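Please look over the model shown here.

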Amino acid sequence: MPELPEVENIRIGLEKYLKGHSIKSVEVLNRRIFQGDEKKLIDAKFESAERFGKMIAINFNNGFSLLAHVKLTGQFIYRGPNLPNPPELSVKVTDGLGGKHTHVVFHLNRGGVLYYNDIRKFGWIKVVETKKLKNEAVSKLGPEPLKDLTLNLFTKTLSSSKRAVKVILMDQSKISGIGNIYANDALWLSQIAPTRSSQSLSEKEIKTLYKAIKKVLREGLKQGGASELAFVTPDGTEGKYQDHTLVYGREGELCKRCKKAKIKKIFLSGRGTYFCPNCQYD
DNA sequence: TGATATGTTATCTT
DNA sequence: CAAGATAACATATC
C-alpha cells in the first residue's frame, strides 16, 4: 500500500513541515513500535528526510536519525506553525490524533507536533546513528526504480529468475519501492501477464515494462499516492491515485484498454493480482 | 461471524 | 539445499 510514491509523499511532507524544528520531547506509547533511546533526540535539530525504498530516514544535526517503515497502516501527521492553515483531516485519521491509534508523539519546539499513528501496528521507528543507516535494512534493498535502475540491470534481474515477473517486481532486494498496486498497474500497461516467468520476457517486453514502471510510479507521485487503507500525507489528507488505478482493485470491471474482457483477480504468492485475460499476454 | 487486505519476515514445503 | 509458497503479525471493515 504505501509504496514508493506514497512514502515519497510522506518524505516530502516531513521535509517541509519539520524544517526549522528541533525535538523537545518524545512520548513513546508503544515500545514495540518505537525502538531505541528517544533521549538521543532531545534538542536535536531536523536536517533532512530521505527515502530508501519504502523506508524513511529523518536525519538530525547530532549524528542520529530515525529510520521508519509505515508498512500497511502507519501515518505521520504534523500539526503546528509550519502548517498554519491545516486542511481538514481525512476520516482515516480522526480516531488517531492522540487517540488509541497514536503510538508515538514528537513534541517540537515552536509548538509543532508530529504524531505517528498505526492501526495495524506493523510499522516501526528506530533511533540509529546516521552513519550506520546504510548498515540497516537499507543495505538489502535493490536499486531505486526512478534513479539507479538501468535497463541493463533490469534485464539481468529479470533473466536470472524463473519466478513470476510480478513477484520479482515486488521483491525489495531486486528493485526497491514497488508494491502490489504499482506492480499490477505496470504489468497491465505493458500488456504482460503477471504470472509470466520473468526470464521468459523478450527484450522488447523488458523495455516496455521498464518504461511502464517509471510511468506508473511517476503518476502515483503526481496524484499524491494511493489512499487505499490508511495512507495520508503528513498534512493529514489523502492521495488520489486509488481513483486512477489502471487495473488494481478493478476485478469484474471491463478492461480500460481492450474493452473486451473483464478484469480477473487471482492470487500470486498470496497477493491479490489483477489482470486482463484478453490483452495481457502469456 | 469470519474472510479479507497489504509489506515483510519467518517458517514450511517441494 | 535452494527456490518458492505460505503463515504470521494486528486490526478494521465488509
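Which residue in β8 is the bridge partner of V104? The partner is Y116. This is a predicted model.

**Strand β8**

Strand β8 spans residues 113–118. β8 pairs with two strands, β6 and β7. The table lists both pairings.

| Strand | Residues | Bridges to β8 | Direction relative to β8 | Source |
|---|---|---|---|---|
| β6 | residues 74–79 | six bridges | antiparallel | |
| β7 | residues 102–108 | five bridges | antiparallel | |

On the β7 side, the two strands make a hairpin, with four residues between β7 and β8. In that turn, R110 has a positive phi of about 55°.

Are the residues of β8 buried or exposed? Six of the six are buried, so the rest of the structure largely encloses this strand. Burial means under 20% relative accessible area. Both faces of β8 are covered. One side holds V113, Y115 and N117. The other holds L114, Y116 and D118.

**Helix α2**

Helix α2 covers residues 151–159. Its buried residues are F154, T157 and L158. They sit on the same side of α2, because their arc around the axis is only 95°. Residues three or four places apart in an α-helix point the same way, because there are 3.6 residues a turn. The face of α2 turned away from the buried side carries N152 and K156, both exposed. Cover for the buried residues of α2 includes α3 (165–169) and α5 (203–222).

Notes:
Residues numbered from 1 in each chain as written. Chains lettered and ligands numbered in written order. Predicted model: local features only at pLDDT ≥ 70, side-chain atom pairs only at ≥ 80, totals over all residues. Heavy atoms only, no water. Buried < 20%, exposed > 50% of the residue type's maximum accessible area, 1.4 Å probe, protein only. Pairing = 2+ DSSP bridges. Arc of directions from axis to C-beta. Contact = heavy atoms within 4.5 Å.
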